[in-house]
Amino acid sequence: MSDSESADLSTFRDETRAWLEANCPPEMRKPATSDADVFWGGRNAKFSSEPQRIWFERMRDKGWTVPDWPKEYGGGGLSAAEHKVLRAEMARIGARPPLSSFGIWMLGPALLKYGNEAQKKEHLPKIAAGEIRWCQGYSEPNAGSDLASLQTRAETDGDDFIINGQKIWTSYANYADWIFCLVRTDPAAKKHDGISFILFDMTSKGVSTKPILLISGYSPFCETFFDNVRVPKSHVVGTINRGWDVAKYLLQHERAMISGMGERGVGRPLGQIAADSVGTDGQGRLDDAMLRGKIATFDVDEAALAACAERAIDLAKAGQAHPAFSSAMKYYGTELNKRRHEILMSAGGVDALEWESERSRQGARARAWLRTKANSIEGGTSEVMLGIVAKRILDLPGA
Amino acid sequence: MALVLTEEQSMLRDSARGLISDKAPVSHLRHLRDSKDPTGFSRELWHAFAEMGFAGLLVPEEFGGSGLGYVEAGIIMEEIGRTLMPSPFLATSVMAASVLSRGGTAAQKPEYLSKIANGSLLATLAIDEGAKHRPLQTGLRAVRAGNGFKLSGAKALVVDGHVADLLIVAARTAGAAGERDGLTLFLVDPKAKGVAIERTIMVDAHNAARIEFANVEVTADSVLGEVDQAAGLLDGVLDIGRGAVAAEMVGLSDEVFGRTVEYLKSRKQFGKLIGEFQALQHRAAELYIDIEITRAATMKALQALDADVAKAASAVAVAKARAGTTATRAVQEGVQMHGGMGMTDQFDIGFFMKRARVCEELFGDANYHTEQLARARGY
């Protein structure tokens, strides 16, 4: 691709391109259009189609569900440069991710950094192979933006903790096999200092979940209740009472994940989608000059953000990234995604308002639009992100 | 290729920053402005630029240049943007050197490129005619006369026009304004009969000129590229210029932002540092994010130009559009957050605001480039 690409990398690119051509089913080269198109893995996982199964299994067998994790933990062992080539080659043919998972995006990186060897060996290969589906127990009814004020408590009973409390906004808790959870292990300590990061099975006695109906009409989040749940102390990741370090590190990865949630650069250009309903003039331009301008401005910002996301990864690999930069990406990416869906609703007009018809695929566009409103709340609100950038990156004064 | 500077590129940035911050801080521009300096830049500094290999940065090594790429040119431009140093670098070393390297004949290249590289020749492109950048609207006529051509018309916003030793003029040899076919580039001696140059003192105190051409005679040898077919060559060199100006605007934005954040950390009102106020913190954070995104988009565009100028148009449009809106935001927030101080001429922030406005117009503003992207994407 570029003159300076080494011979080795060039060979890797050729081989990867050929392998993807031969192994990625054509059905898996189209953008996902519904939840069924996304494979989340787990004990009760079902494939929605044969191509989805084939694609997942082939990628899993190469370790490419987690291309840059070490091979010993089920990863592909790729270097930063190779991983970038793989991403570019997958994007080139529009290949879907073979496996979506909070284990990959959030827990895995935290375990790689803070987990002990036994924990890594136990959990990472099962994440890579899509065998265990994870959920995140962070927010509580009274601990949202102020996450560190969480009250779910874990009390010592011999070699175990007994956990009591409630989590909220637990994504897909009703489908998850295991949870990574923040619990208060020292109620006397300052709020950031008495927290531990612990893992347990969602089938443990005393765990229950209750889906929350959202404005989109879907229930991707749950309330999750813990009633005397017994968990061995060996399931704590990192040091007891130092869970906030793990939590923050994981949040950086969560924010990076959410910032990339928009369907960036895949599928038809937004302007062409809008043309379906708005129509075009004699020169092929959208027949709504103001909407056209908004879309074009959006496209500029989206392309620029894509470059910034690429650079953020490159900086991280080069050891030059600011650890709080994911907050910057999270802020911009989520606000941009909300803009995208406002444009789609505006472009769709009356057609985008239908909620239950076959014609509208059960109100897909309206429900997606409503779903994006959570983007700038979940994983830290936009306002919290700006505060983090102001204080941690810009070093501005104040609490 | 990774969107981070290589070790060599970081060294280039450090040496450029050392020279520019030492010899040409904003006070250098202020002095040139206040003394109504007839040249508008420092020839001594330009020779230092040549000695460091910057003047011929894009000139191929066979003609005495450094043979580096557009990413490297962008590094120099970004440093220029930090201190607003008036320099022939953009017009001569980026635009003229590129158009000569890409379109020059076997006779033209050695003649001009070696002089650009050693700092002895200043050159510039004369393209715009109207109030806004519309290269295809070129109406300056070149009609065949004997063995050569006669040029008639007028150009505006010719950067360094009053000091250039060589003008590279976009003219219409066929067709009508608005058409791609029929454009030709000519090498014109500014001392030729019929050339009238008016130095225009601009808001940013940088060099520019309006130039009139009244039946200016040029020989057939002075055609750069092919007659009637210059649109492609022009597209490429304009994109190179746009990438370079975007880099200047990134440097400018970053510098204004840095100064503004320092002010937020030192100015007290209501018994507090004003940087403690959340209203200002959030605006500062948003601006930081805007600048970082624009920086990445600009690096992406410069790398795309290095890979293949002909395929870089969309990446360049994104970068120049973003650079325009980001720099505009940066200087506005810079003045606003400095309060009354920001409004004084004594304070440097105003210089950045003025330069950003000119950079925004150079080679197409944000609206122009956003429109280009919409067309490229077929809506």
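I started at B:Val223, which sits in strand E8 (residues 223-224) of chain B. Strands here are DSSP runs of E with at least two residues, helices are runs of H or I with at least four, and both are numbered from the N terminus. The model is predicted: local features need pLDDT of at least 70, side-chain atom pairs count only at pLDDT 80 or more, and totals for chains, interfaces and linings use all residues. Residues are numbered from 1 along each chain as its sequence is written, while chains are lettered from A and ligands numbered from 1 in the order in which they are written.

**B:Val223, continued.** I counted 22 C-beta neighbours inside 10 Å, so B:Val223 is buried. The cut-offs are 20 or more other C-beta atoms within 10 Å for buried, 12 or fewer for exposed, and partly exposed in between, with C-beta atoms placed from the backbone. Leaving out residues up to four places away in sequence, B:Val223 touches B:Thr184 and B:Phe186; contact means C-beta atoms, placed from the backbone, within 7 Å. I also looked up B:Glu111, 112 residues from B:Val223 along the chain; their C-alpha atoms are 14 Å apart.

**H7(B).** Helix H7 of chain B covers residues 231-264, 34 residues in total. From first C-alpha to last I get 48 Å, close to the 50 Å expected at 1.5 Å a residue; the expected span is 1.5 Å times one less than the number of residues. Of the 34 residues in H7(B), 27 are buried, and I noted the helix as mostly covered.

**H1(B) and H4(B).** The axes of helix H1 (residues 7-23) and helix H4 (residues 70-83) of chain B come within 9 Å and cross at roughly 30°. Axes are lines fitted to C-alpha atoms, for helices over the stretch in contact, and angles run from 0 to 180 degrees between N-to-C directions. That makes H1(B) roughly parallel to H4(B); the classes are roughly parallel under 35 degrees, roughly antiparallel over 145, roughly perpendicular from 65 to 115, and oblique for the rest. On the H1(B) side I listed residues including B:Leu12, B:Ala16 and B:Ile20, and on the H4(B) side residues including B:Ile75, B:Ile76 and B:Ile80. This contact of H1(B) with H4(B) divides into seven nonpolar, three polar and four charged residues. Nonpolar means Ala, Val, Leu, Ile, Met, Phe, Trp, Tyr, Cys and Pro; charged means Asp, Glu, Lys and Arg; the others, Gly among them, are polar.

**Chain A against chain B.** The contact takes 39 residues from chain A and 35 residues from chain B. On the chain A side, H8(A) gives the most, with 15 residues. That side has 24 nonpolar, nine polar and six charged residues. I then checked H8(A) against helix H8 (residues 278-307) of chain B: the axes come within 7 Å and cross at roughly 90°. The two helices are therefore roughly perpendicular to each other. Among the residues that meet are A:Ala304, A:Cys308 and A:Arg311 in H8(A), and B:Glu292, B:Ala296 and B:Lys300 in H8(B).

**Positive phi.** Which phi values did I find for A:Arg361 and B:Lys36? A:Arg361 has phi near 50°, and phi of B:Lys36 is also near 50°. A:Arg361 lies in the loop between H9 and H10 of chain A and is exposed, with 12 C-beta neighbours inside 10 Å. B:Lys36 is in the loop between H2 and H3 of chain B and is exposed, with 9 such neighbours.

Definitions and conventions. Two residues are in contact if their C-beta atoms, placed from the backbone, lie within 7 Å.
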